[in-house]
Amino acid sequence: MVRVKSRYLLCEVNVSNRSDLLLLDDRAVAAAVKAAVARMHGDYGAALCSIRFSVKYLNAHTGIVFLRFPKRCYKLLWSALPFITSIESRRLTIPCFLNCLHVGGTIRTCQKFLVRYNTKQLHRMLPKCKTEEEKQQVRQAILSCCLPGGNKEELEDDLESEEDEEDEEE
Amino acid sequence: MTSVEEAEPSGFQRVVLTNASPYQYLKIRLVLEDERSRLSDVELKSFIIAGLKSLHGEVGAALNFDVLKYDEESLTALLRVYSRGLVKLWSSLTLQGFYQNQACAFRVLQVSRFTGISSLEEPLIYLLFHVTQKKRISHFPHYCHPLP
Amino acid sequence: MCADLSRTPRTLLVCDRSSFLDHKNRVSSQVEQLHFIYKVSVLLPECNSASSSLDSVFNSFTSFYLIRKLPIYELLDKDFLQSAVYQGSVHGLSFRTRIDEDNCVALMPNGRLTLSLDKDSFELLGFEGKPSRFNHRSCSRFEVSVDLTDSSMAPGGRGYLRLLTGLKSHLQLQTDFLLSHHPGGGASLQALLSRYDWSEHKPKVSRRCLSNLVCPAPRSCDPHSLLEWLGAVDADVRCENSSSSFLSSFVCPEANTTLGHALSVSVSGLLLPHDVQRLIQELRCYLQQPQLESWVSLTVHGFTDSLVSWGGSEHGALIGGQDFYSLLMFHDHTYRLYLSTATCHTCPP
């Protein structure tokens, strides 16, 4: 059996007004990606985008999106993402742009990356906190985030295995 | 691109260039439903660009290609395109079906790496038989769609 | 499903630089290797009209014969073999057959008969062959190649009879056929010709006078740009040297001189390498005359649908391009030879 390979793009939706994020849903993001691909790569791109493309996960609070693309053409589809300038959702146009944080071969590696990324963000936030109460909250948050079911060693193994997968694609 | 060079004191030198040719040349003919209609070279180029845009989007429309020669009578043109754009250009020509609401088709008569392309055996056929039209199925290059 | 769209077929260009005076030069053997020549074009810079001796060479290219609906087994005819194939060199090529969709036949000057057949025809023929190298995915084309001068193919021999019955009763292959013979000409082919509908053709010579031609420096120019320029001159492509035009950004590479006059002569038909040799000799004589520009170029194109490429190697048309070589000759007997091939595997000699 050969596994059908995909690439997962971990993207962050950047909006000027954070409350707009709550208006987003899967379908709106998928439609925006499809429209951008169709504009940049025409019918050919639109056709590639119709096979096994999906929005796997959307966190409306943090604006994190997982996009799944077929592995063979993810570069072409990825190249259209910077051209997204707005997402239409619930009859409202939300001006935004997508920032790709990570490209992974599995959802698991993307999730691990996301946890580490968020931890780093919290560390960055810590010195900026003004009140002691805020600091306490951030510390608590850092302590509470741990990688799901794993220690550091396992993480390194995973990274290696993912690198293998990346090599294979070349 | 690689090149192998053998130089000998006697002055004989051989250089082998592989995959170095920057351009590909296509000889195409536009076949229109209404045979009397004509279009100018500028119209032809915009028509081809429109086809590229619909199949390959804005990235495709930005593809550089040149109309080296165009004969308005026979609607035959000689195009030059960067090698890496050949497949995009060829596929968009193949899928071009309508010109101003009339059915049309591009026949790709010949594809070559060199401008010597005009040496299509067509004149020979004229010479021998006075055949007015030579039809050739435009072969879509097989390397475009390998099985998944 | 979504292959790399920027992939292109492999290309190959061989550039030789040497002198005719060099004993190691192989021009004549290289010229002999391209058997089926469709067109020869010559560019004479600073020339209004070709000299009479040069003109006579252009006009004396051997004529060729077209036979309509020739049954291929006629090529195995005993008299034909004796009067033509064993006696000299026969160039024969099926005409108006497409290398990628029809059955094609070629008879080479060394007496080798090559057939490129689709699967059904190959199985009908029932003769030894090998799968074509240009098969894609499934094995759908086969190449049968026999040496008619070999002892096993002598009339009456086992292989001969097998091929003859195959072509006569199983696979009744008929095509239009182009034929020419050196040195006998039509006389040695007469027996074969008389039985079928045939016509004789003189290679067609066309001359074009060009004026105010922007010209690159032939010695220093990059081979690809130079070949492109030569091809453009041959194809009569306008070159205004303005890269900002909407239609075309084609410019003359490293333009350094403007030629007042130039003469472009082309000969087309089924031409013999022997005639090309004569033309090269005559052009060398022409170069010895004192004149302004001291170079000429000669470009030779092979048939696109010919089933043999350089030497005897197989030729496939699907992957683009055609066989040709371009010979650039200079006043001081040096030359540049650019050889190209359409096939992916073979390197020109």
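Modeller: Start with the order of elements in chain B. From the N terminus it runs β-β-β-α-β-β-α-β-β-α. That comes to three helices and seven strands. Keep in mind that this is a predicted model.

Biologist: What makes a residue of chain B count as buried?

Modeller: The cut-off is 20 or more other C-beta atoms within 10 Å of its own. Of the 148 residues of chain B, 37% count as buried, so those residues meet that cut-off.

Biologist: What share of the contacts in chain B between residues at least 6 apart in sequence joins residues at least 24 apart?

Modeller: That share is 64%.

Biologist: Why are E1(A) and E3(A) called paired?

Modeller: Pairing needs at least two bridges. E1(A) and E3(A) have seven bridges, so they pair, and the sense is antiparallel. One example is A:Arg7, whose bridge partner in E3(A) is A:Phe69.

Biologist: How do you know that strand E2 (residues 54-59) of chain A pairs with E3(A)?

Modeller: Apply the cut-off of at least two bridges again. Five bridges join E2(A) to E3(A), so the two strands pair; they run antiparallel. In E3(A), A:Arg68 is the bridge partner of A:Ser54. The hairpin of E2(A) and E3(A) has four residues between the strands, and A:Gly63 there takes a positive phi near 75°.

Biologist: Which residues have the most contacts inside the largest nonpolar core?

Modeller: They are A:Leu67, A:Leu77, B:Leu79, C:Val40 and C:Ala106, in a core of 151 residues. Helix H1 (residues 26-49) of chain A gives the largest share, nine residues.

Biologist: What makes A:Leu77 and A:Phe69 a contact?

Modeller: A contact needs C-beta atoms within 7 Å. A:Phe69 is listed as a contact of A:Leu77, so the pair meets that limit. Leaving aside neighbours within four places in sequence, A:Leu77 also contacts A:Val37, A:Leu48 and A:Cys49.

Biologist: Where does chain A divide into domains?

Modeller: The assignment gives domain 1 (1-105) and domain 2 (107-170). Their contact takes 10 residues from domain 1 and nine residues from domain 2. On the domain 1 side, E5(A) gives the most, with three residues. By class, that side has five nonpolar, three polar and two charged residues.

Biologist: How many residues bring chain A and chain B into contact?

Modeller: Eight residues of chain A contact eight residues of chain B. The chain A side divides into three nonpolar, three polar and two charged residues.

Terms used
Residues numbered from 1 in each chain as written. Chains lettered and ligands numbered in written order. Predicted model: local features only at pLDDT ≥ 70, side-chain atom pairs only at ≥ 80, totals over all residues. Contact = placed C-beta atoms within 7 Å. Nonpolar A, V, L, I, M, F, W, Y, C, P; charged D, E, K, R; others polar. Core = buried A, V, L, I, M, F, W, Y, C linked by C-beta atoms within 7 Å. Buried ≥ 20, exposed ≤ 12 C-beta atoms within 10 Å, placed from the backbone. Domains from an automatic or database assignment.
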